[in-house]
Amino acid sequence: MPNFNDILVLLPEFYLVAAACLLLLLDAFMKPEQRGLLHWLSIAVLLVAVYLVVAGQPDGTATAFNGMFVRDRVAEILKVFALLCTVLVFVYARPYLADRKLFVGEFYTLAIFAVIGIMLLVSAGNLVTVYLGLELLTLSSYALVALNRDSPLSSEAAIKYFVLGALASGMLLYGMSMVYGATGTLSLAQLHGAAAHSAMPNLLLFGLIFMIIGIGFKLGVAPFHMWIPDVYQGAPTAVTVFIGSAPKLAAFGMAYRLLESGLGDLAQHWQLMLAVLAVLSLAIGNLVAIVQSNLKRLLAYSTISHMGYLLLGLVNAGPEGYAAAMFYAISYALMSTAAFGVILALARAGFECEEIDDFKGLNQRSPWMAFLMLLAMFSLAGVPPLFGFFAKLLVLQAAIDANMLWLAIVGAVFAIIGLYYYLRVVKVMYFDKPQDGVRLEVQQDVSLRWMLSLNALLLLVLGLCWGPLLGWCRAAFGLVSA
Amino acid sequence: MIDPNLFQLICFYAFGVVTVGAALAVITLKNSVHAVLALVLTFFSTACIWLLAEAEFLAIALIVVYVGAVMVLFLFVVMMLDIKQEQVREGFIRYLPVGIVVALVMLVEMLALIGVRAMQAIPMGANPAAAAGMSNTAWLGTALYTQYLLPFEIAALILTVGVVAAVALTLRQRADRRHESASQQVRVNARDRVRIVKMAAEQPARTTAQPQQPGDQEAKP
Amino acid sequence: MRHAEPKLPDRHPTVTDAPDGAEVRSIVLAEYWPVLLFIGVATGLGLVLLAIGMLVGPRRPEPEKLAPYECGFEAFEDARMRFDVRYYLLAILFIIFDLEIAFLFPWAVVFEKIGMVALIEMALFLLLLVIGFAYVWKKGALEWE
Amino acid sequence: MGEQILNQLVWPIIYILCIAVPLILAVAMFVYWERKVIGWMHVRMGPNKIGPLGLLQAFADVVKLLIKEVILPSSANRFLYYLAPLLALVPAFAAWAVIPFGERMVLSNANAGVLYLLAMTSLGVYGIILAGWASNSRYALLGAMRSAAQVISYELAMGLCLVCVLVLAGSLNLTDIVHAQAGGKGFLDWFWLPLLPVFVIYFISGVAETNRAPFDVAEGESEIVAGFHVEYSGSAFAIFFLAEYANMILVSFLASVLFLGGWLSPFQGWITADVSPWVNWIWTGGFIWLFIKAFLFAFMFLWFRASFPRYRYDQIMRLGWKVFIPIAIAWVLVAGCMKYFGWVSIGTGV
């Protein structure tokens with residue numbers, strides 16, 4: 001039976017559900033001209049949620065609703081960053097949406113519902129909660145991708161996303177049912193003990209494979225990455241920036257919950273599988289990105305390679321590795337919002353600013369934007385002393401610790417290959433002549449400019465003093481801060 | 001005497017064959033409406049298998065939700081969209097060998113993993129509802145509304161998102177549509193619609209001009 | 001395929017007492033067997049009626065008679081056409097509310113035993129759906145011209 | 001072995017025929033009764049030529065329909081065209097398997113009886129859609145789409161009404177539902193009283209669900225000639241006809257079982273005399289009461305048809321979605337409160 005304490009544990013989630021419902025009704029009942037209010041209200045709602053997550057339950061782990069929901073440090077950190085990323089997304093998205101007649105209340109409500117899904121997913125204590133949280137997240141994402149109904153590209157992306165996403169969910173569910181069949185429990189905590197001495201180890205292994213396929217789809221690692229480039233390119237950029245940030249944190253959270261909290265006993269099996277996926281993602285992501293001319297597509301392939309790096313942390317299968325992977329996920333989410341944020345800041349009505357050629361000579365038109373993009377690109381490439389460099393270092397270290405030196409070497413080699421295409425964008429901005437007829441004007445929205453500057457500079461600041469964040473990540477996995 | 005267990009086993013395999021056959025028909029039939037109906041048959045025989053497992057609530061809920069609702073939507077869509085049969089066919093033939101290989105590999109793996117010895121076992125395990133001494137529906141409800149309370153509420157959230165997404169993605173306001181608002185109609189008073197005008201009676205004999213038509217009945221917009 | 005599983009606490013719900021007064025019918029099959037038979041008999045009845053009609057009735061096809069019914073002129077194209085998207089929307093809404101009803105059925109059976117909690121949780125469930133419903137209503141998806 | 005076949009196969013089939021054959025006869029008589037009643041309401045005679053009082057009219061109609069040609073339109077899909085009437089008929093008949101006619105007078109005392117009924121009624125829409133599509137005729141398709149949308153809309157309202165009954169009864173079993181309505185106050189203990197709005201909604205939804213007047217836009221003779229079965233003739237049409245009327249009678253029986261105490265007597269608890277088995281049923285209850293109640297509902301179908309003008313399509317959809325569904329949802333919670341706080345007395349069997 002649930003009691004008041006259960007509700008306290010889930011307070012941020014309950015609050016966000018209530019707020020999302022109110023926003024939904026507000027949107028339905030108010031005039032279209034008043035939508036600006038909705039924008040600021042949504043941001044306020046998210047910030048209050050951040051406060052509730054941070055303020056409640058300072059002392060470690062709590063479970064609620066018969067272990068369906070686990071609130072621990074890992075979940076809290078992921079939630080805070082997911083909420084903050086969404087705030088950034090909302091700020092960046094508004095001018096873009098307004099220019100394209102997409103400034104509708106559904107964008108905000110669906111995004112908040114997706115965030116609720118993320119929060120449930122990273123806090124899941126049961127396979128059922130994992131699945132439902134994931135469905136809440138992905139269902140909202142499908143709708144967001146298709147938000148621009150008049151664009152065939154967007155609709156095609158949504159269909160692809162939906163079909164492949166449904167397939168992935170099916171795989172995951174199939175795997176879960178096998179794991180349930182082999183162990184007789186759905187609870188992740190009980191699974192942890194039961195998996196080691198299951199009566200049907202083969203079935204369990206089979207379930208694990210299916211679950212890894214599902215996780216791979218959701219993370220977007222090769223060879224389950226097919227949806228990523230199309231969705232990143234086809235979706236309105238305002239939606240791409242969302243899909244590229246907060247859900248990655250959720251995907252890490254899901255992988256952690258399923259693989260470590262649930263099937264940690266089978267680590268020696270999934271370590272190798274993840275290593276294979278990591279190598280494939282690094283190779284495909286970095287090599288295919290080289291030939292891209294569309295920046296959104298390039299960033300999509302860059303995502304694939306980054307998820308490969310994230311797997312390097314998970315491969316470690318120890319607290320150090322998880323801390324590194326979580327650190328990586330957070331760094332990637334911030335870098336990705338910054339990179340897409342620049343695209344959003346430069347896009348105008350009728351001009352998407354998503355080709356690399358569109359960035360030619362950006363430095364002459366808007367040096368500040370060019371500098372912000374430079375920070376984002378260098379950070380994604382892992383150039384010291386930016387945030388991305390340190391994150392990469394950590395996951396490579398984690399792979400070495402797991403006695404997979406070869407994997408770390410592969411990672412380092414591809415990091416160098418990856419440098420090429422990130423630097424190409426920088427070169428285009430600083431050394432090429434502007435294209436004729438391309439207006440590169442920056443959005444006048446003040447909040448966007450400030451937040452974007454803050455976001456990009458944060459990459460530099462965190463690159464210089466990564467200590468506190470790494471300390472939180474390590475503490476979340478029970479490690480003393482280094 | 002037919003052993004009840006044997007009878008159950010026979011039923012299981014019979015429904016299983018129908019399910020698999022219908023599922024094959026779904027992907028091989030040319031006419032997409034026929035394919036949808038084959039899918040209906042698949043669900044129906046699956047429901048029968050679930051009944052054999054004494055999961056009566058789930059079995060009938062499968063029919064209510066999938067056959068009664070989801071498949072109706074499928075029929076709506078399939079019937080009203082002109083899907084070019086040949087193109088679909090072409091892709092099917094092209095990918096058929098790959099599909100067969102994958103299916104065979106999976107079948108072999110499943111058999112190897114789950115074990116051939118499972119074939120001799122009675123397909124249905126013990127009924128936990130009967131063990132708990134209550135009907136299947138009550139057992140399911142008890143589990144759902146106590147232990148799985150949180151997932152249940154998340155399910156409501158997902159359904160709500162489904163509603164929002166469906167409306168946001170499909171509904172278009174057409175400019176030329178007219179509909180009446182019942183609340184406005186009810187709120188109208190006779191006074192707003194009809195104006196009774198008092199006027200002098202016409203005298204047709206005196207004038208040859210057309211008598212004027214005063215608006216004695218005037219509809220407001 | 002199900003198989004014997006190790007007994008673990010998660011398998012069974014916490015409440016295991018039998019409902020008061022409700023007779024537990026363990027053999028579900030015995031009750032559904034006549035239902036299946038009835039479906040068979042009804043199918044047979046329909047087939048017999050169709051067969052009678054085909055065998056007894058005359059069969060004199062001619063093009064005019066076999067043409068689809070139209071108001072006076074020849075049918076000039078395939079009658080199957082695209083429909084207003086609203087029909088699809090309606091079907092989607094129907095699925096969602098049908099699911100909701102499917103959730104309500106087991107609740108109705110057990111809520112008294114679970115007590116106030118069940119009432120509150122269902123009120124929340126319905127509230128969420130009513131919010132969705134209000135949204136649909138306000139957006140005009142339920143308007144037909 | 002032989003005994004087993006007798007018990008498992010022969011007897012059930014005999015029981016099934018005991019339901020199905022009277023049902024077909026009832027449909028025939030109901031058609032006759034409909035024409036008679038509407039005749040009287042229009043101050044006409046109704047059928048009066050064939051047989052005494054025209055009683056054999058319905059049978060003449062049946063014979064006529066069976067010996068007419070079954071036309072297969074040239075552009076129709078043969079398989080689906082013949083499948084559609086079957087899909088309309090089977091659920092309309094199969095649903096009767098769980099109807100309790102009296103104490104222990106039930107073919108299948110299934111636990112999930114109400115759910116099964118919902119499943120069967122939800123299958124009826126297939127016959128309509130497929131008939132419309134297989135005919136490949138504009139009128140048929142229009143009628144089918146209208147009808148399908150209408151049927152599924154009212155199915156929601158019906159389902160929610162069923163839930164209200166279940167909340168009070170606490171069981172999905174129809175016999176248990178009747179028992180839950182038993183009590184010392186006769187008809188005041190039945191569910192129609194605490195669930196009055198739902199009861200009204202249920203019956204009106206039943207009328208709409210069977211596509212009957214005043215909700216018969218699917219047929220709408222004056223606009224789309226006959227709707228989804230415009231192309232059907234002979235015995236194929238007869239099957240649709242049979243299914244529609246069997247459904248009407250089914251809705252009448254269900255309304256009686258769910259809201260008017262099934263076979264219970266309205267005077268139960270008022271009189272406790274023991275006169276003779278031939279008279280006792282008047283106060284102890286028996287299947288005759290169920291038939292009387294169902295007859296009243298069936299009569300209402302005809303009364304509606306003779307009295308009300310046809311609803312417009314937008315009005316039908318508005319009534320279903322904007323009036324019935326909200327009220328029914330609200331009443332689910334009201335019924336929950338009634339049960340929880342003990343505002344109604346629930347019988348636990350006679």
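How many residues of chain D are in contact with chain C, and how many residues of chain C do they meet? In this predicted model, 67 residues of chain D are in contact with 60 residues of chain C. On the side of chain D that touches chain C, the elements that give two or more residues are the helices H1 (2-41), H3 (78-94), H4 (113-135), H5 (138-169), H9 (234-259) and H12 (313-340) of chain D. H5(D) gives the most to this side, with twelve residues. By class, the residues with which chain D touches chain C comprise 44 nonpolar, 16 polar and seven charged.

Of its 145 residues, 38% count as buried.

Within chain D, helix H2 (residues 57-66) has Gln57(D), Ala58(D) and Leu65(D) among its residues, and these three are buried. Because they cover an arc of only 95° around the axis, they lie on the same side of H2(D). The buried residues of H2(D) pack against H1 and H9 of chain D, two helices that also give residues to the side of chain D touching chain C.

Two helix pairs of chain A were examined in turn. Helix H13 (residues 267-290) and helix H14 (residues 295-315) of chain A pack at an angle of about 155°, with their axes 8 Å apart; the two helices are therefore roughly antiparallel, since an angle over 145 degrees counts as such. The crossing of H13(A) and H14(A) is left-handed. Residues of H13(A) that take part in the contact include Leu274(A), Ala278(A), Leu282(A) and Gly285(A), and those of H14(A) include Tyr301(A), Ile304(A), Gly308(A) and Leu311(A). The contact of H13(A) with H14(A) is made up of 16 nonpolar and seven polar residues, with no charged ones.

In the second pair, helix H3 (residues 35-55) and helix H4 (residues 73-99) of chain A pack at an angle of about 165°, with their axes 9 Å apart, so that H3(A) is roughly antiparallel to H4(A). Here H3(A) passes H4(A) in a left-handed crossing. The residues that meet include His39(A), Ile43(A), Leu46(A) and Val50(A) on the side of H3(A), and Glu76(A), Lys79(A), Leu83(A) and Arg94(A) on the side of H4(A). The contact of H3(A) with H4(A) divides into twelve nonpolar, three polar and three charged residues, whereas the contact of H13(A) with H14(A) has no charged residues.

Technical notes. Residues numbered from 1 in each chain as written. Chains lettered and ligands numbered in written order. Predicted model: local features only at pLDDT ≥ 70, side-chain atom pairs only at ≥ 80, totals over all residues. Contact = placed C-beta atoms within 7 Å. Helix = DSSP H or I, 4+ residues; strand = E, 2+ residues; numbered from the N terminus. Nonpolar A, V, L, I, M, F, W, Y, C, P; charged D, E, K, R; others polar. Buried ≥ 20, exposed ≤ 12 C-beta atoms within 10 Å, placed from the backbone. Arc of directions from axis to C-beta. Axes fitted to C-alpha atoms, helices over the stretch in contact; angles between N-to-C directions. Parallel < 35°, antiparallel > 145°, perpendicular 65-115°, else oblique. Left-handed = near helix turned anticlockwise from the far one by under 90°.
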